[in-house]
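Please open the model in your viewer and keep the sequence at hand. The stops below say what to select and what is found there.

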Amino acid sequence: MAAVPDTGGGDHSRAGAREYAAEWARAARRLGFVPLSADETERLLLVHTVRLARALRAEEFSATPAEDVGRALVEAHLTEPRVLDWTVRALGDRFLARVLPDGDPVDAAERVAALQGALAAGFARALRDRTFTQQERIARSAWQARDTVERALRDSEARFRAVFTGAAIGIGIAGVDGEIIDVNQSFADMLGYSIEELRQINVASLFHPDDAAGMWELYQELIEGKHDSVRVEKRYYRKDGSAVWTDLAVSLIRHADGRPRFTVAMVEDITERYELQQRLRFQALHDPLTGLPNRTLFFETLGGLFQEAGPEQRIGICFLDLDGFKAVNDSLGHDLGDRLLVTIARRLADCVAGQGHLVARMGGDEFVILVAAGEGIDDAVGVAELALAAVSAPVLIGDQQLAVTASIGVVECPAGETSVSELMKAADTTLYWAKAEGRGRWAVYDPERSAADIARSALAAGLPAALDRGEFVLHYQPIVSLLDGRMQAVEALVRWRHPELGMIGPDRFIGLAEETGLIVRLGGWVLGQACRDARAWHREFPDQRLVVSVNLAARQADDPAVVDIVAEVLRRTGLPAELLQLELTESAVMGTAGEPLRSLHRLADLGVRLAIDDFGTGYSNLAYLRRLPIHCLKLAGPFVEGIRADTADDTADHRDERIVDALVRLAHALELWVTAEAVETGAQAERLRSLRCDTGQGRWFGPPVPAEQITARLRGEAAG
C-alpha cells in the first residue's frame with residue numbers, strides 16, 4: 001500500500017488515516033457497486049481522508065475541501081446513495097478523530113458539521129450536474145430528431161419516445177399557457193398522479209403556495225423570451241397533499257420564427273438531500289444538549305434584526321447566567337449538571353412561549369433572550385422577571401432537589417443608538433453588575449455607570465506603566481502633639497500625577513491596585529520613597545526625631561517576605577528603624593494568626609513601630625489586642641467628627657466624646673500611643689487634649705503636602 005500523506009498530526013494520524021480509509025472502502029464496496037479494485041478504492045479514499053483531516057484541523061478553517069471530496073466521489077462513480085449516507089454519518093460519529101492528534105480544535109463539532117454539509121452538497125451538485133448534462137444532451141438529441149422528421153420521422157419518434165418514457169427523472173411538456181401537454185412516467189410517479197390526470201392540469205396548480213407567486217412570474221418571463229431557460233429549487237404538491245422538493249430545469253422551445261412554442265421541464269426529486277441539508281443546518285445552529293438555538297443562530301438573528309429594523313425600533317436583551325452552577329457540577333457531577341441545564345432551558349423557552357422572543361444558549365450556563373418587539377425597558381424587565389421566576393422554582397432530578405437562581409443583565413434601546421457588539425458588551429457588563437449586587441436578581445444597563453466602569457478599568461490598566469514611568473508622588477500629612485503642638489510624625493500618602501487627569505487621590509486607585517495585585521509593588525515603592533525622605537529629614541534635623549508612618553496593605557502584611565523587605569529598605573536608606581511606623585487596618589490585624597502574626601513580632605523586633613489604623617470601625621477582640629506588638633492606635637475619623645463644640649445634638653456629641661474617652665483609656669492601659677484622625681477644628685483639638693489623646697492628625701494641623709513643605713515646617717519649628 002502507498003505511503004500515507006502527512007496529515008500534520010504525526011504517526012498516530014497516519015495510522016488513523018489508513019484505518020479510516022480501509023473502513024470507508026469496505027463500506028463503499030458493501031453498500032453499492034464500485035468500478036475499482038479493493039486496493040484502488042482504498043488508495044483513492046485514503047487521499048480523501050487526508051484532505052478531510054487537514055481541513056478539520058486547519059488553522060483557518062474552510063469546508064471547501066469537503067465539497068471537493070463529494071465531487072470526487074461522483075467522479076469515481078461512487079454514486080450509491082447509501083455510500084453518501086455512510087460517509088456523512090461516519091463524519092458525524094467522529095471517525096475523523098482517529099486521524100487527529102491529541103487536542104481537537106475548540107470548534108471541532110461545528111467544523112465537522114460544516115464538513116458534513118459541504119461533502120453532501122458537493123456530492124449532490126456533482127451528481128446533479130452529471131445527470132442534467134446527460135439529460136440535456138438526450139433532450140437536445142430528441143428535439144433534433146423531431147426537427148428532421150421529414151428524413152427519419154418514424155425512427156426519431158421511436159428514439160424520443162424511448163428517452164422520454166425511460167428517463168430516470170421527470171420530464172414534462174407544457175404549452176405557453178401552462179396547460180400540461182405530456183409527462184413521462186417518472187414525472188407522474190414523483191407527484192403521485194397518473195399521466196392522464198396530469199394532462200388535464202395546469203402547471204400553476206402544482207406550485208407550492210409559498211413559491212407560487214414567484215414561480216408564475218419566472219414562468220411568464222420565460223414565455224416572454226426574457227430567458228431561454230431557468231433552473232431553480234422549488235416545491236411541488238403531490239396528489240396526497242404532501243410537498244416534494246425538486247431541482248427544476250425549464251427550457252423554452254420556439255417556432256422557426258422565434259415565437260414561443262412550448263416548454264420542457266426536467267424535474268429531479270431532491271427531497272432527501274434537502275432534508276439532510278436542513279438537519280445539518282439545524283445541528284450547526286442549535287445546542288446539542290438543550291435543543292435551543294446556539295450563539296451562532298442567535299447572532300445571525302440579532303444581526304438580521306439590526307439590518308431590517310428602523311432606527312427607532314427598540315431591541316432588548318436579557319443575558320442570563322446561573323448562580324453557583326459550577327458548584328453543582330463539582331459536587332453532584334456533570335451528568336446531573338447537564339440535566340439541570342436541559343430543565344432550565346425548557347423552562348426559559350416555556351416562560352416566553354407565544355411572545356415571539358428568541359431564547360438561546362450561549363454556552364456553559366449562560367442563556368440569552370432576545371426581546372425584539374418590546375415597547376420599552378418595562379417589557380424587557382418583565383421578561384427578565386419571568387425568567388427569574390422560571391429558574392428559581394425547585395428542580396427535581398432523580399432523587400436530588402436543587403434550588404438555583406440566576407442573574408440577568410437587561411439592556412434595551414433603539415436600534416439606531418447601538419450595534420450588535422455594543423449591545424452584547426452592555427449586556428455582559430450589566431450581568432456582571434447583577435452578580436456583584438448579590439445574585440438572584442436583574443440589573444438594567446446604565447450608560448453613566450458603564451462609563452465610570454470603563455474609566456476605572458482604564459485606570460487599572462494604566463497602573464503598571466504609571467509606576468514604571470514614575471508618575472506616583474508622596475504627600476505627607478503632619479501628626480502633631482496635642483500637648484505642645486510640635487510635629488512628631490508624618491503620614492505618607494501616595495498620589496498619582498496622571499498625565500491627562502492631573503493629580504489623582506488614593507481613593508481612586510488604591511482599591512484597583514489591591515484588586516490587580518499591584519499594591520505589593522506600589523507599596524514597596526511608597527515604603528522606599530518615604531524612608532528616603534525621612535532619612536533626609538533625620539540628617540538635617542536629628543533632634544526632631546520625626547517618625548514617618550507608612551500604610552501597609554493587607555496583601556503586603558500577609559507576604560512572608562515583608563520583614564526582609566522592610567529590613568532591606570532600612571539598610572539601603574540608612575533610616576533608624578524607630579523612625580518608621582507601619583500602619584495596618586484593624587480588620588487586617590485583628591484576624592492575624594500564624595505566619596502573619598510572627599511577621600508582626602519580627603517587625604517589632606527590628607525596632608519598627610506598628611500602628612492600627614481606623615481603630616474602632618471593626619469588631620475588635622480587645623483581649624486579642626494584648627497579644628499584638630502594637631505601639632499606636634489611630635482612632636477612626638467618625639468618632640472624632642462627632643466631637644464638635646457647635647453641634648446641635650449635645651447627646652450625640654457627649655456619646656462620641658465618651659467613646660473616645662474609653663478608647664484612649666483602653667489604649668493607655670495597654671501602654672499604647674493614641675493618634676486621633678480627622679481633626680478639623682480647634683474645638684476638636686482642645687477636647688481631645690482634655691481627654692489625654694497624645695497626637696492629632698487632620699486639616700486643623702495641616703493638609704497632606706509635598707516633602708519640601710514638611711522640610712520648611714521643620715526648619716520653622718527648629719528656628720522657633
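This is a predicted model: local features need pLDDT of at least 70, side-chain atom pairs count only at pLDDT 80 or more; totals for chains, interfaces and linings use all residues.

**Stop 1: Ala 113**

Select Ala 113, which counts as buried at 11% relative accessibility; buried means under 20% relative accessible area, exposed over 50% and partly exposed in between, with a 1.4 Å probe and protein chains only. Ala 113 lies in helix 5 (residues 108-147). Helices are DSSP runs of H or I with at least four residues, strands are runs of E with at least two, and both are numbered from the N terminus.

Residues are numbered from 1 along each chain as its sequence is written, and side-chain values use heavy atoms, with hydrogens and water left out.

**Stop 2: His 286 and helix 11**

Next, select His 286, in the loop between helix 10 and helix 11. Is His 286 buried or exposed? It is buried, with a relative accessible area of 16%. Leaving aside neighbours within four places in sequence, His 286 is in contact (heavy atoms within 4.5 Å) with Gly 291, Leu 292, Pro 293, Asn 294 and Leu 297.

From there, go to Asn 294, which caps the N-terminal end of helix 11 with a side-chain oxygen 3.1 Å from the backbone nitrogen of Thr 296. Helix 11 (residues 295-308) has 14 residues and reaches 20 Å from its first C-alpha to its last, close to the 20 Å expected at 1.5 Å a residue; the expected span is 1.5 Å times one less than the number of residues. Its buried residues are Leu 297, Phe 298, Leu 302, Gly 303, Leu 305 and Phe 306. Show what covers them, including helix 10 (271-285), strand 6 (314-323) and helix 15 (420-436).

**Stop 3: Helix 3**

Select residues 64-75, which form helix 3. The end C-alpha atoms of helix 3 are 17 Å apart, which agrees with the 16 Å that its 12 residues should span. Ala 66, Val 69, Gly 70, Ala 72, Leu 73 and Val 74 are buried in this helix. After helix 3 comes His 77, with a positive phi near 65°.

Methods:
A polar contact is a pair of N or O atoms within 3.5 Å; within protein, one must be able to donate a hydrogen and the other to accept it, and residues adjacent in sequence count only if both atoms are side-chain atoms.
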